[in-house]
Amino acid sequence: MSMGDRADSRRAGGSFLSNVRFLLTCWKVNFASAMEYRISFFLMAGMMFVNNFMWLFFWSLFFNRFPVVNGWDLNDVMMLWAVGAGGFGWASMLFGNFHRIASIVAAGQLDVYLSQPKPVLLHVIASRMSLTAIGDFAFGIVVYLLVGDHTIIGALLFTVAMLISGVLFMAVMIIAGCCSFFMGNSEGISQQVFNGFLALTTYPSDIFRGLAKMLLFSLVPAGFISYLPIGMLKHFDPLFAFSAIAITVLLFAAAVVFFQIGLRRYTSGNAIAMRG
């Protein structure tokens, strides 16, 4: 290895460690900021936790009348909500701005992130923590403890399922948010994508048929989240698991590339802003 290669290797390693330290600092600051208002923190997280359980209550009424629907029972739907809410929860806790990119770009608020020597996308999404998302994440863990597989393999699969869910949420919303680079203010489009994607992840994928199901596993990849309780947790399907991981990685890579392309078109909003 040449001296230049060694220097590049050290810089890459240093950059990676620097970004890890930066992330840890962001999370520490975000959490400290949230804890400044403890009552608000616990109320917002608690309300989301209760709200999710209310949806499960309505699903329990449905399955009390129809115990099995297309191979899905109440426990499967509970795990569906655990994976979806848990994945969205950890993503919004650690990278709470991932679904606000459209509004940040439209308002010209990227200036503050561009002025600092950190990866712009990483800085943007990690600079905020969603308080309600903590309730989502806690809900996912509690439901898993209630009805999930508590073996080591079961716990690992549930963890992977939540990782897939969270990264898919981020990838889809980053891509939707980046439309603001090309279309101007696309907050409405981004919000509609968010609401639609979120809704589709809360229904068993097997209730869809034909073209709708095809779209659910292609154009709107919510199916890769909504089928996780069956294809990965209940009856492990290696092909589905590989497909879900591959699509998640590809979509997130596409989101990063799309953001970088859009960043070249960004026009400063001349906004004066400060971050602590």
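Which hand does the crossing of H2 and H7 have? It is right-handed, a label used when the near helix is turned clockwise from the far one by less than a right angle, with left-handed kept for anticlockwise. The model is predicted, so local features need pLDDT of at least 70 and side-chain atom pairs count only at pLDDT 80 or more, while totals for chains, interfaces and linings use all residues. Residues are numbered from 1 along each chain as its sequence is written, and side-chain values use heavy atoms, with hydrogens and water left out.

To start with the H2 and H7 pair, the two axes come within 7 Å and cross at roughly 45°. Axes here are lines fitted to C-alpha atoms, for helices over the stretch in contact, and angles run from 0 to 180 degrees between N-to-C directions. H2 and H7 are therefore oblique to each other; angles under 35 degrees count as roughly parallel, over 145 as roughly antiparallel, 65 to 115 as roughly perpendicular and the rest as oblique. On the H2 side the contact (heavy atoms within 4.5 Å) includes Phe41, Ala45, Asn52 and Leu56, and on the H7 side Leu131, Ile134, Gly135, Asp136, Phe139 and Val143 are among the residues taking part. By class, this contact of H2 with H7 has 14 nonpolar, four polar and one charged residues. Ala, Val, Leu, Ile, Met, Phe, Trp, Tyr, Cys and Pro count as nonpolar, Asp, Glu, Lys and Arg as charged, and the others, Gly among them, as polar.

Both helices have spans close to expectation. H2 (residues 38-65) has 28 residues and reaches 41 Å from its first C-alpha to its last, close to the expected 40 Å. For H7 (residues 131-147), the 17 residues reach 26 Å, close to the expected 24 Å. The expected span is 1.5 Å times one less than the number of residues, and helices are DSSP runs (H or I, at least four residues) numbered from the N terminus. Buried residues (under 20% relative accessible area, with exposed over 50% and partly exposed in between, 1.4 Å probe, protein chains only) in H2 are Phe41, Ala45, Asn52, Leu56, Trp59 and Phe63. In H7, the buried set includes Leu131, Ala133, Asp136, Gly140 and Tyr144.

H7 also meets H8 (residues 152-177): the axes come within 12 Å and cross at roughly 155°. That makes H7 roughly antiparallel to H8, and this crossing is right-handed. Phe137, Gly140, Ile141 and Tyr144 of H7 make the contact with Gly154, Ala155, Phe158 and Met162 of H8. These residues divide into six nonpolar, two polar and no charged.

His99 sits in the loop between H3 (74-94) and H4 (101-106), and counts as partly exposed at 22% relative accessibility. Leaving aside neighbours within four places in sequence, His99 touches Phe88, Ser92, Arg128, Met173, Ser190 and Phe194. His99 and Ser190 are 91 residues apart along the chain, yet their C-alpha atoms are separated by 7.7 Å. Ser180, in helix H9 (residues 179-183), counts as buried at 6% relative accessibility.

Finally, Asn70 lies in the loop between H2 and H3 and has phi near 55°, a positive value in a residue other than glycine. Most residues other than glycine have a negative phi. At 43% relative accessibility, Asn70 counts as partly exposed.

Key: Helices (H or I, at least four residues) and strands (E, at least two) are DSSP runs, numbered from the N terminus.
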